[in-house]
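Look at the model below with its aromatic side chains in mind. How are two aromatic rings described as a pair?

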Amino acid sequence: MEVKTAKKRKEKKKVNEVTDSSEECYLENTSTNIERKAGDGAPADNEAESTKSTEQIMEVDQPVRGWYLIVQIDIVFLALLMLALSTRLHRLDEPRYIVFDELHYGRYVSLYTKGVFFFDAHPPLGKQLLYLAGNAAGYDGNFTFDRIGSPYTNNVPIHALRLVPAVAGSLLISVTYTLMKEIANYHWTAILAALLVLFENCFLAQSRFMLLESIQILFGLCGVLFAIKSTRNNGLASVVWLCFSALCLGCCFSVKYSGLYTYYLVLFLVGRQIWRRIGQAGSGLQLCLSILWRLAILIIIPLSVYVGVFYAHLAMLPKAGPHDSVMTSAFQASLKGGLASITRGQPLHVAHGSQITLRHTHGRTCWLHSHAHVYPVRYADGRGSSHQQQVTCYSFKDVNNWWIVKRPDQASLAVARPPDAIRHGDVVQLLHGITSRALNSHDVAAAVSPQSQEVSCYIDYNVSMPAQNLWRIEIINRDSDDATWDSIRSLVRLIHVDSGSALRYSGRQLPAWGFHQHEVVADKVVTHQDTIWNVEEHRYTKAEDRRERERELVSAEMIPTAVTQLSFWEKFAELQYKMIAHAPDAPQGHMFASEPAEWPLLVRSIAYWLSPNSNAQIHLIGNLVTWYTGTLAVVVYSSLLAIYAIRQRRACIDLPPRASQKFYDAGCILFLGYWLHYLPYFFIDRTLFLHHYLPAYIFKILLLAYVIDHIYHILHLREKTQSFINLFIMGLVVWLVYVIITFKKFSVLNYGNFDLSENDLMNLRWKDTWDFILHKRG
């Protein structure tokens, strides 16, 4: 009785205090639960009937459920996209001239259209997207992309070809906005970041022409965005978002290999999430499964995209083309109209009396070569040589690339019937076809690589230096120890019998006395990949007479053997190796090249195009206001990171937990993203340009927006600093206006549709190192 009375008084007091109907319902439910706990746990009869009746009424009154599609439209996202499209698509088909690297990408589109094989050091996805746009517009591939500045003819759908980068560059602004919503404290920060990208001149320039940076950066930011969404969701949503992220990342580094830096960033973000899960209580099995499915997605999907892109690439290019010589003989022979069309009927087995050309198989394309010139008596460093006939590796087809295979104990060079096939382990001599001198090596230091032996064609000077001209054939890819030496497909090492050294392409060039051809040596390290050769051109010697043989060699066609069937995986593996091997062969030195240390200060620009009729120009140049403020933001964030770390070590709490988490999340995504995309270029030994900085620069712009966001948030945290908020906002508005003014001022160098006077150019030349070009008017 006392319990009920006390409860009634308590309930009456609560009802008097609370006026909201929902809270009254909550109190009723609470009271009922308390009464139940006072009994034996079973509902009373009248309560059970009441409950049952209530459930029946609710079941009858409940509406029939259906399937619904809820669509949410982000108005700001669409507005930014429309604004971006208006700047990127404006007069997209102007100028009607080849602009900078459109020279290369347009040429690749033409080769795709004709199905002609080509070689490029970057993956093909970006070029395939350009091809699809051109194909949809009916491009026939009949335009010669010969030089920058050449006018386009009417058969080139310029608008369609430039549309893919333009749309990618426009979507980049909206994706930037969406990404910053996930990172920043305020919605306005996301809009600010998108506006900074929108009003950035360098991104405008890259988006309006057949260039690939906009496509790569778009895929990269999408990959980061979806990975963040995956880390902030659970269950199926987390899996789906990570699959989207992996798909975008695979596309990113299938456009350019620099997209791998974005892939590494996402690996770090997912690894960070896994590390947090390890510190949480839970089943060890569940943790392992959580790690495994994430790793499986981040490895299998990007790799599948990458392989699939190359599968399409090779399927689209079945015909022989101008870049065939980069690939191995077997690869060339698998293409239509290449080696196979000319070498049908060429002998397969190399025999005593075979006339062959020996091609360096891996890395640089060149053929074992000799000529009548001899090594100098003494080199520039004072060392002496054998003064015998030079042997080199020559990068072009030439009559001096022919050699005759001879068994040491046979004098005749004519091929017997049946041919005396050379097999694995046989010892042979190689006679140079034109001079008839034997390939030789001896204990004399090589000209440019003195740690290795010199290789020559032996001349008998009647001195105490006998010939050492025996070579043992080692077939690397043999099926058995009795395998025959076959043209095209056999990969062989030539082992010098007397010294045990292998014939090797050293990778170095000879001085002027060697006509700057590549050095060939005999090396003790026989397993090096540069010791591998294969027979490309092959025929049997018919004439015994030396002059007749020379006439055969001079008149013979310089191309090799029968059709070969290579699987996709064999072609894929070879193409990957060639892309890696030829990366250091990129042209060195360019008038618009720049160094990574110069990029944060925008020391150099790149002249993309100059009108032949006026001073209208296109330059890759950044918005100097955003560029320098972004560099300052990197310094500010670094300083804040250090200050917070030191003060936290001293048990000083500067930020609330949520703000602190946001700050470190921004560091892991934006600050780390910037350095991951920037630092590697300090260790790359090839010609670099300002556009290599753009994937890092997009992260720097986002970091700039976040630093502004963070400072604004700090001002709100303390009463003493709130008086500065309005002043901060005013300064920010003035700065943004200046960003827009600078963008508009320099946009004439992005559109290339305005004839600039000398005075106009000088007013735009804010730095002396910017390479603006002036036509002197008569």
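The briefing that follows covers aromatic pairs and charges over rings.

This is a predicted model, in which local features need pLDDT of at least 70 and side-chain atom pairs count only at pLDDT 80 or more, while totals for chains, interfaces and linings use all residues. Residues are numbered from 1 along each chain as its sequence is written, and side-chain values use heavy atoms, with hydrogens and water left out. A pair of aromatic rings is described by the distance of the centres and the angle of the planes.

**Aromatic pairs**

- Rings of Phe, Tyr and Trp (its six-membered ring) pair if their centres lie within 6.5 Å, and planes under 30 degrees apart count as stacked, over 60 as edge-to-face and the rest as tilted; by this rule there are 54 aromatic pairs.
- The pair of phenylalanine 253 and tyrosine 306 is tilted, because the ring centres are 5.9 Å apart and the planes stand at 50°.
- This pair links distant parts of the chain, since phenylalanine 253 belongs to helix α11 (residues 235–255) and tyrosine 306 to helix α13 (residues 284–316), 53 residues apart; helices here are DSSP runs of H or I with at least four residues, numbered from the N terminus.
- Phenylalanine 671 and tryptophan 675 form an edge-to-face pair, with 6.3 Å from centre to centre and 80° between the planes, and both lie in helix α19 (residues 657–678), 4 residues apart, which is about one turn of the helix.

**Charges over rings**

- A charge sits over a ring if NZ of Lys or CZ of Arg is within 6 Å of the ring centre and within 35 degrees of the ring normal.
- Lysine 229 lies over the face of tryptophan 241, at 5.3 Å from the ring centre, and arginine 539 lies over the face of tryptophan 402, at 3.9 Å from the ring centre.

Key:
Helices (H or I, at least four residues) and strands (E, at least two) are DSSP runs, numbered from the N terminus.
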